[in-house]
Amino acid sequence: LSITQYSNIIVTMNKLICGSLLLAVFFLGTIQGKPGHCYQCQNYDADQNTTTNPYDIECGFPEYDGNTKTCEEGRCHGCRVFVWDDGKVRRDTAGLCDEGECINANDGVPYIECFCTSGNCNTGLCESCQA
């Protein structure tokens, strides 16, 4: 090989390596910390079956594995579950949140809202939040 051919091979290899690294960084940046999909359902209002939270009687089961929603870019940073003391459950996407975050609140009926940040992670009934 001549010096020119050897130099062209080195330049081409550097471009391939740099391009591969850039692609890897890009794809890691687009998926890290974003769930992609969350379970979405509610078990308390059968007339709401055409809304963003479809009715599913099985939504209240801790091992729920039904309807999912694709997270919207920039608007979905996690998944969440609402569990009311009267047995109502709602699963949905969430905005900014931290893994394992819990909120205890009351909208006339006490409830717990828990958050997670990986794909389809909003299973269970906020057991880690309940004392």
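Tyr-39 is buried, with a relative accessible area of 7%. The model is predicted. Its protein chain has a mean pLDDT of 80, and 73% of the residues reach 70 or more.

**Aromatic pairs**
- The structure holds five aromatic pairs.
- Tyr-39 and Tyr-64 form an edge-to-face pair, because their ring centres are 5.6 Å apart and their planes stand at 85°.
- Tyr-39 is in strand β1 (residues 37-39) and Tyr-64 in the loop between β2 and β3 (68-70), so this pair ties together parts 25 residues apart in sequence.
- Tyr-64 is buried too, at 3% relative accessible area.
- Trp-84 and Tyr-111 make a tilted pair, 5.4 Å centre to centre with 40° between the planes.
- Trp-84 lies in strand β4 and Tyr-111 in strand β7 (residues 110-116), so the pair links parts 27 residues apart in sequence.
- Trp-84 is buried at 7% relative accessibility, and Tyr-111 is buried at 16%.

**Cluster and charge**
- Tyr-44, Phe-82, Trp-84 and Tyr-111 form one aromatic cluster.
- Lys-88 lies over the face of Trp-84, 4.8 Å from the ring centre.
- The charged end of Lys-88 also sits over the ring of Tyr-44, 5.2 Å from its centre.

**Strand β5**
- Five of the six residues of β5 (residues 89-94) are buried, so the strand is largely enclosed by the rest of the structure.
- Strand β4 (residues 78-84) pairs with β5 antiparallel over six bridges, and Cys-79 stands opposite Thr-93.
- Strand β2 (residues 41-42) joins β5 antiparallel through two bridges, with Gln-42 opposite Arg-90.

**Confidence**
- Confidence is lowest in helix α1 (residues 3-31), at a mean of 50, and highest in β2, at 96.
- Over residues 18-33, pLDDT stays under 50.
- Where pLDDT is low, the predicted coordinates should not be read in detail.

Notes
Residues are numbered from 1 along each chain as its sequence is written. This is a predicted model: local features need pLDDT of at least 70, side-chain atom pairs count only at pLDDT 80 or more; totals for chains, interfaces and linings use all residues. Side-chain values use heavy atoms; hydrogens and water are left out. Buried means under 20% relative accessible area, exposed over 50%, partly exposed in between (1.4 Å probe, protein chains only). Helices (H or I, at least four residues) and strands (E, at least two) are DSSP runs, numbered from the N terminus. Two strands pair if DSSP finds at least two bridges between them. pLDDT is the predictor's confidence in each residue, from 0 to 100. Contact means heavy atoms within 4.5 Å. Rings of Phe, Tyr and Trp (its six-membered ring) pair if their centres lie within 6.5 Å; planes under 30 degrees apart count as stacked, over 60 as edge-to-face and the rest as tilted. A charge sits over a ring if NZ of Lys or CZ of Arg is within 6 Å of the ring centre and within 35 degrees of the ring normal.
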